[in-house]
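Please open the model in your viewer and keep a selection panel at hand. The stops below say what to select next and what can be found there.

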Amino acid sequence: MDLVRDCLDEHLVDRNKRPMGRVDGIILEVGTTGPPRVAYIELGSTTVADRLSPRLSSLMSRMLRRKSSDRYRIPWNKLRVGLNELTADVEAEATPALAWELWLRKKVIGRIPGA
């Protein structure tokens with residue numbers, strides 16, 4: 001399996017097939033012996049921003065007004081890789097994975113007249 005090709009930026013859905021966004025990062029664990037292993041996938045707008053620029057990531061964190069970022073990690077063993085999407089054995093609404101979407105809905109879209 002090619003992690004970057006098959007996982008990074010792929011659609012992610014929860015166990016109820018509710019979209020959770022895309023896989024924004026892959027976390028590897030490097031031990032003292034043996035090859036690295038995939039530990040987690042990471043979701044969140046600050047993860048995407050960090051891929052572009054650490055300064056942009058910091059700006060995103062401030063916009064979300066949180067002391068911690070909106071990064072959310074899902075253990076690799078809770079994922080099932082499909083043809084066009086990854087399925088996570090979690091509930092989307094019970095995770096902070098949708099923080100950016102909810103913030104945009106409340107602070108931006110909700111203020112547009114007629115929206």
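In which loop is the place of Lys-17? Select Lys-17, and you will find its place in the loop between S1 and S2, where helices (H or I, at least four residues) and strands (E, at least two) are DSSP runs, numbered from the N terminus. This is a predicted model, in which local features need pLDDT of at least 70 and side-chain atom pairs count only at pLDDT 80 or more, while totals for chains, interfaces and linings use all residues. Residues are numbered from 1 along each chain as its sequence is written, and side-chain values use heavy atoms, with hydrogens and water left out.

Most residues other than glycine have a negative phi. Lys-17 counts as partly exposed because its relative accessibility is 48%, given that buried means under 20% relative accessible area, exposed over 50% and partly exposed in between (1.4 Å probe, protein chains only).

Now extend the selection to both strands: S1 and S2 form a hairpin with five residues between them, and three bridges join S1 to strand S2 (residues 19–22), the two running antiparallel. Two strands pair if DSSP finds at least two bridges between them. Within this pairing, Leu-12 has Gly-21 as its bridge partner in S2.

Select next Asp-9, in the loop between helix H1 (3–6) and S1; its phi is near 70°, again positive in a residue other than glycine. Asp-9 is partly exposed, with a relative accessible area of 33%.

**Val-13 and its surroundings**

Move to Val-13 in strand S1 (residues 11–13), which counts as buried because its relative accessibility is 7%. Not counting residues up to four places away in sequence, Val-13 touches Arg-18, Pro-19, Met-20, Glu-85, Leu-86, Thr-87 and Ala-88, where contact means heavy atoms within 4.5 Å.

**The nonpolar core**

Which residues have the most contacts inside the largest nonpolar core? They are Leu-12, Met-20, Leu-43 and Ile-74, in a core of 15 residues; such a core is a set of buried Ala, Val, Leu, Ile, Met, Phe, Trp, Tyr and Cys residues joined through side-chain atoms within 4.5 Å. Strand S4 (37–43), strand S5 (72–75) and strand S7 (85–88) each supply at least two residues of this core. Centre on Met-20, whose contacts beyond its neighbours within four places in sequence include Leu-12, Leu-43, Ile-74, Val-90 and Leu-98.

**The open sheet**

Select S3, S4 and S5 together, an open sheet of three strands in the order S3-S4-S5 with antiparallel pairing. Strand S3 (25–29) and S5 are the edge strands, each pairing on one side only. Four bridges join S4 to S5, and Ile-41 has Ile-74 as its bridge partner in S5.

**The helix pair**

Finally, select helix H2 (residues 45–52) and helix H3 (residues 54–63), which pack at an angle of about 155° with their axes 6 Å apart; axes are lines fitted to C-alpha atoms, for helices over the stretch in contact, and angles run from 0 to 180 degrees between N-to-C directions. That makes H2 roughly antiparallel to H3, a description used for angles over 145 degrees, while those under 35 count as roughly parallel, 65 to 115 as roughly perpendicular and the rest as oblique. Among the residues that meet across the contact are Ala-49 and Leu-52 in H2 and Leu-56 and Met-60 in H3.
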